[in-house]
Amino acid sequence: MDDARFQSEYKQVCDGLYTFLTRMAKDPERAADILQDAALRAYRSRRKFRGESSFKTWIYRIAINTMKNHYAKAGRARKLTETAQHLGRANTPTPEMILSGREDAARLSQALELLEEAYRAPFLLKHVDGLSYGQISEVLEIEEGTARVRVYRARHALMSLLREV
């Protein structure tokens, strides 16, 4: 992939990828760091991109791996689920929620933070980033059926959580 095509493809997915990383990391600054590292890794590997998947699934996979590396370096990989639950109770609004001022968005965000990562990532990739189940399976390196089940379970868990939040 040449530089011009990489830049063009990256511009199309950059905002969505940042939003995904912000929701996964629950920290806009950390998400920006992860995005920058992922973009750099992708750029350096652009010539290895064979086009067997879409650019979007390829760079999302790189971003998820980069996020895992950030957490592993910080020694926080095992605490991710506990942190998500704790942050969910802390009711920390994102800048997006503050700007929108929409109570429903705040409630949904709170409920998303309470979801286990195994369910949150597939749900966000499906319903926020618009990836197909096949693309989700590529990004998360899981079977397509597993992606469907996790999105289904995430929806049901969110419905229950929204009744409580």
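Colleague: Leaving aside its neighbours within four places in sequence, what is Leu 162 in contact with?

Modeller: This is a predicted model. In it, Leu 162 is in contact with Arg 107, Leu 108 and Ala 111, once the neighbours within four places in sequence are set aside.

Colleague: How many residues apart in sequence are Leu 162 and Arg 107, and what is the C-alpha to C-alpha figure?

Modeller: They are 55 residues apart in sequence, and the C-alpha atoms are 6.7 Å apart in space.

Colleague: Where does Leu 162 lie?

Modeller: In helix α9, which covers residues 144–164.

Colleague: Staying with α9, at what angle do the axes of α7 and α9 cross?

Modeller: At roughly 100°, and the axes come within 8 Å. That angle makes α7 roughly perpendicular to α9.

Colleague: Which residues meet there?

Modeller: From α7, Ala 118, Tyr 119, Pro 122, Phe 123, Lys 126 and His 127. From α9, Arg 150, Val 151, Arg 153, Ala 154, Arg 155 and Leu 158. The residues of this contact of α7 with α9 divide into 7 nonpolar, 1 polar and 4 charged.

Colleague: Other end of the chain now. How do α1 and α3 pack?

Modeller: Helix α1, residues 3–25, packs on helix α3, residues 55–73, at an angle of about 40°, with the axes 10 Å apart. That makes α1 oblique to α3. The crossing of α1 past α3 is right-handed.

Colleague: Which residues in α1 and α3 meet?

Modeller: On the α1 side they include Phe 6, Tyr 10, Val 13, Leu 17, Phe 20 and Leu 21. On the α3 side they include Phe 55, Trp 58, Ile 59, Ala 63 and Met 67. The residues of the contact of α1 with α3 divide into 16 nonpolar, 1 polar and 2 charged.

Colleague: What is Ile 59 in contact with, leaving aside its neighbours within four places in sequence?

Modeller: Tyr 10, Val 13, Leu 17 and Ala 42.

Colleague: In the largest nonpolar core, which residues touch the most other members?

Modeller: Phe 20, Leu 21, Phe 55 and Ile 59, out of 45 residues in that core. At least two residues of this core come from each of α1, α2 (28–44), α3, α6 (103–114), α7 (117–127), α8 (133–140) and α9.

Colleague: Is α8 mostly covered or mostly open?

Modeller: Mostly covered, with 6 of its 8 residues buried. The buried residues are Tyr 133, Gly 134, Ile 136, Ser 137, Val 139 and Leu 140.

Colleague: What do they pack against?

Modeller: The buried residues of α8 pack against α3, α7 and α9.

Colleague: What follows α8?

Modeller: Glu 141, whose phi is positive, near 55°. Glu 141 is found in the loop between α8 and α9.

Colleague: Is Glu 141 buried or exposed?

Modeller: Glu 141 counts as exposed, because its relative accessibility is 59% and the exposed class is over 50%.

Definitions and conventions: Residues numbered from 1 in each chain as written. Predicted model: local features only at pLDDT ≥ 70, side-chain atom pairs only at ≥ 80, totals over all residues. Heavy atoms only, no water. Helix = DSSP H or I, 4+ residues; strand = E, 2+ residues; numbered from the N terminus. Contact = heavy atoms within 4.5 Å. Axes fitted to C-alpha atoms, helices over the stretch in contact; angles between N-to-C directions. Parallel < 35°, antiparallel > 145°, perpendicular 65-115°, else oblique. Left-handed = near helix turned anticlockwise from the far one by under 90°. Nonpolar A, V, L, I, M, F, W, Y, C, P; charged D, E, K, R; others polar. Core = buried A, V, L, I, M, F, W, Y, C linked by side-chain atoms within 4.5 Å. Buried < 20%, exposed > 50% of the residue type's maximum accessible area, 1.4 Å probe, protein only.
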